[in-house]
Amino acid sequence: MATETTQTLRSPHLLGIKDLSTEEIQLIFSTADQFKDVLNRSIKKVPSLRDVTIANVFFENSTRTRLSFELAEKRLSADVVNFSSSSSSVKKGETLLDTVNNILAMKVDMVVMRHASPGAPHFLAKHIEANVINAGDGTHEHPTQALLDTYSIHQKLGSVTGKKVAIVGDIMHSRVALSNIFALQKLGAEVMVCGPATLLPKYITQLGIQSTLDLREALEWCDVANILRIQLERQQVKYFPSLREYSLYYGVNKQLLDSLNKAITIMHPGPINRGVELNSDVADSEQAIILDQVENGVAVRMAVLYLLASQKNS
Amino acid sequence: MQDRKCIIHAQLLDVMLHRLCHQLIENHRDFEATVLLGLQPRGIYFADRTQRRLEKILGEKVNKGYLDTTFHRDDFRRRDSPLTPNKTDVPFLVEDKNVILLDDVLYTGRSVRAALDAMVTFGRPRKVELMVLIDRKYTRHLPIEPDYVGRAVNTIDSQRVLVEWEEQNEEDGVWITSKATT
C-alpha cells in the first residue's frame, strides 16, 4: 500500500521561484531523485501522465529548455503538442490569450510557456484553467532552470545550505540570475553577483546579496560559479565596448581558475559562447558540471510536471 | 481515540514468517534463480525479514530489491492527496528469474497490479508469485490472489489493517483499527 501524504505544491502553476517555499523546493528535489533513478534504467518511461496533454508554447527561441521539457513530458507518457510563434498565427496578429485559448479548446491540461514579456505566464494563469509552467518570461524568471541549477549543486556538493555561489555576467538581462538568486537564498546559500557595472542592476544588493566588479574577487570567494551568457538579443544599447574587452575582464579561463587557492565548480545554463564568457579549456574540464545540469534538467522538469499534474482531480 | 486491536502479536508473527519461508523453500529450493521484491513503502520490512530468515535457514545469499509503484498507479490525478514516490532499488535484472512480490497487506489488489507494471521495467520474469502477510478477504477490485498468505482476515471497509515492525520503532505485530474518518 502507498503512503498518503499532504506533501504537494500549493499553487497549480509554477510561475517563479519567488512564490515557492523552501519545503516545496525540497519536495521537487526529492521527487527529482526518483525520476533521475528512472532515467538511468533501460526503460526510461513511466505511465503517470498518460491521460494528460501538455502544450509547449514558445514565443521565444529555445533549444535546450524546449527539448528538455519535451523529453520530460514524453518520459512521463504525456501527450505533447508543440507551438512556436515563428510558424503561427501570432504573426498574423492574434493575441496571447486568443492563441492559448485556441490551444486549450483542443483539451490541453498544462501549458509550458516561454515569452519575451515579463509577467506573461502570470497573466495567462489568471485567465485560463490549465496549469501554467513558466519556461522563461523575458528578463524576469526562469524557475525550472534555477531548480535544476540548485539541484545540480545539491548533487555535486551534497547540499546547497551554506555554500557560496557567484553569478557572473549579464545579470541585468538574465532571468536565470534572478531565479537562481531566489532559489539559492531559500536554500540557505550565500550569493554574490559579478559583472561590468553597466550589466549589474542598480539596487541588486537590496535582495540581500553581495556584488562586485572584480571577477577574481568573486571566484576567490565562491564554491560554485554560475557563468551567464551575454544576452546580446536583449541589449538595445552597447553596455560594453566590445566582446573582446568583455572577455578579457570577465571571461573565465583555465589559467585564472588554476591561480585560485581552491578548485571551484563551474556551471553554465547554456548556450555557451565559447571564448567569450567561458573558454573551452574550462567548459570541457572536470570542474565544469554543465552537462550534468542538462541531465538533471529532465529529472527536475519531470518532478515539476508530476507534482503539478498530481494536484488535479478529474 | 481510535479503536485498536492486536490480532497477531510478535511471537505469532515470528512463527508465521518461519512457516512462509519454509513454504518458499519448498517451491523454490535454493533461490539461485529466485529473487524477492518488496513493495514500497510498507512491504520492504516484510521483504527484509523474509530475506534474513531465508539466508539464515539456507546459509546462502538471497537477492532482494525494493519496488516503488507510485508512477504506475491507476489513481493518479483521481485522489485528493497526492502520492509521494519512494526509492526503487532493484540491483539486478529480473529477466528469466522467479520473482516473489512481497507486501504486508493485500486489500484491493491495485498496488499489486501497479507493481506488475513497474516490475517489467527490469526485464521479463519467468514466473511471478505474490506473498502477503495479511490477506483481507472479499475486498478485491481486481482478479489478483496471493500464492503465500500469513493470515487471511475478514474485515469491513471502515477498518484498517496495520502491520508494524521493530524497524519502524514499533513493536512487531498486526493491528486492526477502525478509521476515524473514511
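**Exercise 1. What covers the buried residues of H6(A)?**

Before we start: this is a predicted model, where local features need pLDDT of at least 70 and side-chain atom pairs count only at pLDDT 80 or more, while totals for chains, interfaces and linings use all residues. Residues are numbered from 1 along each chain as its sequence is written, and chains are lettered from A and ligands numbered from 1 in the order in which they are written.

Step 1: find the helix. H6(A) covers residues 175-186; helices here are DSSP runs of H or I with at least four residues, strands are runs of E with at least two, and both are numbered from the N terminus.

Step 2: check burial (20 or more other C-beta atoms within 10 Å of a residue's own means buried, 12 or fewer exposed, in between partly exposed, with C-beta atoms placed from the backbone). In H6(A), 11 of the 12 residues are buried, so the helix is largely enclosed by the rest of the structure. Among them are Arg175(A), Phe182(A) and Lys186(A).

Step 3: name the cover. It includes helices H1 (22-39) and H5 (143-157), plus strands E4 (131-137), E5, E6 (190-194) and E8, of chain A.

Step 4: look past the end. Gly188(A) follows H6(A) and has a positive phi, near 85°.

**Exercise 2. Work out the order of the open sheet in chain A and say why one side of E7 and E9 has no neighbour.**

Step 1: The order is E7-E6-E5-E8-E9, with parallel pairing; two strands pair if DSSP finds at least two bridges between them.

Step 2: go to the edges. E7 (210-212) and E9 (265-267) of chain A each have a single partner strand, so one side of each is left without a neighbour in the sheet.

Step 3: zoom in on one pair. E5 (164-168) and E8 (224-227) of chain A run parallel over 4 bridges, and Val168(A) stands opposite Ile227(A) in E8(A).

**Exercise 3. Describe the make-up and dimensions of chain B.**

Step 1: count elements. Chain B has 3 helices and 8 strands, following β-α-β-α-β-β-α-β-β-β-β along the sequence.

Step 2: get the dimensions. The C-alpha trace of chain B spans about 45 × 40 × 30 Å along its principal axes.

Step 3: Of the 182 residues in chain B, 40% count as buried.

Notes. The expected span of a helix is 1.5 Å times one less than its number of residues. Two residues are in contact if their C-beta atoms, placed from the backbone, lie within 7 Å.
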